[in-house]
Amino acid sequence: MHYGFIGLGHLGRNLAASLLRENFTLTVNDLERANAEALIAGGAQWADSPRAVAERVDAVITCLPSPAVSEAVLTGSSGILAGLKPGGTWIEMSTLSSDDVERLAAFAAEKGVRMMEAPVTGGVHKAASGEITVIAGGDRDLFELHRPAFEAMGGEIFHAGPLGKAAVIKVITNMLAFIHLIATGEALMLAKRGGIDLTDAFNIIKASSGNSFVHETEGQVILNGSYNINFTMDLAVKDLGFALEFGKKFGVPLDLAGHAMQTFIRARAQYGGQAWSSQVVKLLEDATGTDLRAPGFPAEL
């Protein structure tokens, strides 16, 4: 099957590279052609617009930064629906709300195009190794049709149910990650101010009941000072906004998520929307005049 891939940022280009490694035929597009150069060198074809991608392929995958961008890429005059044949598939790997998923799926259906959502979780480093978790939502037959592509891009593959359900659980996983990130920063700062070597603190927490995936991964980029997890403040605020919207919709009080949202808004105001989301911990470093550096942690995950 010939896939198109649109949106070659930190996450998208690693997902696309996994498809190439598994010998899928691939046509790509991004606002910045430079983001596609390594993929083109590896055998991908370039197309000058989303429409040009869609005209060549059986299914189009998108990995984009916001619902507004997804809608523009889908419905614009040079968008996917202007080129994809009836019976084709649009696979949205961006993080959207369930309302966005259902609304955009309706636009696609009007053109005879079926949609599947497939957000991912686990971090860019897992996307690079083809081990990221894929959470698919949509019709079961469509999931089975595209399962080989999901398995090429990811490690654990889940079918969460009909359209919109993958969006809900993906936002939940991100909400937990942001809460854990703030907690990890507080724990490490408490250890540092309490006179505990930070490498020891990291390893003891990792081996304890207080451990988390975020501590094991983002804890390292805090301690090495890079903060680089290839995920921005703007994206964190967007996803926490989705979580709080779900809280209202489903009648669930989200005290910790609400606190995390305010903390990330302050961090974004302080460091900018394109700062790495793990720099939320820097608020605590700045407030206490104490850094959380420790030797021996790699510069990248």
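Throughout these legends, a residue is buried when its relative accessible area is under 20%, exposed when that area is over 50%, and partly exposed in between (1.4 Å probe, protein chains only). Helices (H or I, at least four residues) and strands (E, at least two) are DSSP runs, numbered from the N terminus. The model is predicted, with local features needing pLDDT of at least 70, side-chain atom pairs counting only at pLDDT 80 or more, and totals for chains, interfaces and linings using all residues. Residues are numbered from 1 along each chain as its sequence is written, and side-chain values use heavy atoms, with hydrogens and water left out.

**View 1. The buried side of helix H9.** Let's start with helix H9, residues 198-206, where Leu198, Ala201, Phe202 and Ile205 are the buried residues. They sit on the same side of H9, because they span an arc of only 100 degrees around the axis; the arc is that of the directions from the helix axis to the C-beta atoms. Among the elements covering the buried residues of H9 are helix H8 (165-193) and helix H10 (213-223), where contact means heavy atoms within 4.5 Å. At the N-terminal end, Asp197 caps H9, with a side-chain oxygen 3.0 Å from the backbone nitrogen of Thr199.

**View 2. The open sheet of 6 strands.** Follow the strands across and you will read the order E3-E2-E1-E4-E5-E6, with parallel pairing. Strand E3 (45-46) and strand E6 (114-117) are at the edges with a single partner strand each, so one side of each has no neighbour in the sheet. Two strands count as paired if DSSP finds at least two bridges between them.

**View 3. Strand E4 and its two partners.** Zooming in on the sheet, strand E1 (residues 2-6) runs parallel to strand E4 (residues 59-62) and is joined to E4 by 4 bridges. Tyr3 is opposite Ala59 in E4, and Gly4 is opposite Val60. E4 is also joined by 4 bridges to strand E5 (residues 89-92), again running parallel, and here Val60 faces Trp90 in E5. Are the residues on the two faces of E4 buried or exposed? Both faces are covered: Ala59 and Ile61 on one side, and Val60 and Thr62 on the other, are all buried.

**View 4. The open sheet of 3 strands.** This sheet has the order E7-E8-E9, and its pairing is mixed. Strand E7 (120-121) and strand E9 (154-159) form the edges, each with a single partner strand, so one side of each is left without a neighbour in the sheet. Strand E8 (residues 132-136) pairs with E9 in the parallel sense over 4 bridges. To find your place in this pair, look for Ile135, whose bridge partner in E9 is Phe158.

**View 5. Asn35 and its contacts.** Asn35 belongs to the loop between strand E2 (25-29) and helix H2 (37-41). With a relative accessible area of 25%, Asn35 is partly exposed. Which residues does Asn35 contact, leaving aside its neighbours within four places in sequence? They are Leu8, Arg13 and Asp30. The side chains of Asn35 and Asp30 are joined by a polar contact of 3.0 Å. A polar contact is a pair of N or O atoms within 3.5 Å; within protein, one must be able to donate a hydrogen and the other to accept it, and residues adjacent in sequence count only if both atoms are side-chain atoms.

**View 6. Ser277 and its surroundings.** Ser277 is in the loop between helix H12 (255-271) and helix H13 (282-288). Its relative accessibility is 1%, so Ser277 counts as buried. Not counting residues up to four places away in sequence, Ser277 touches Leu181, Ile229, Phe231, Thr232, Met233, Ala236 and Phe264.

View 7. Most residues other than glycine have a negative phi. Tyr227, though not a glycine, has a positive phi of about 60 degrees, and Asn230 likewise has a positive phi near 60 degrees. Tyr227 lies in the loop between H10 and helix H11 (233-250), and Asn230 lies in the loop between H10 and H11. Tyr227 is buried at 6% relative accessibility, whereas Asn230 is partly exposed, with a relative accessible area of 24%.
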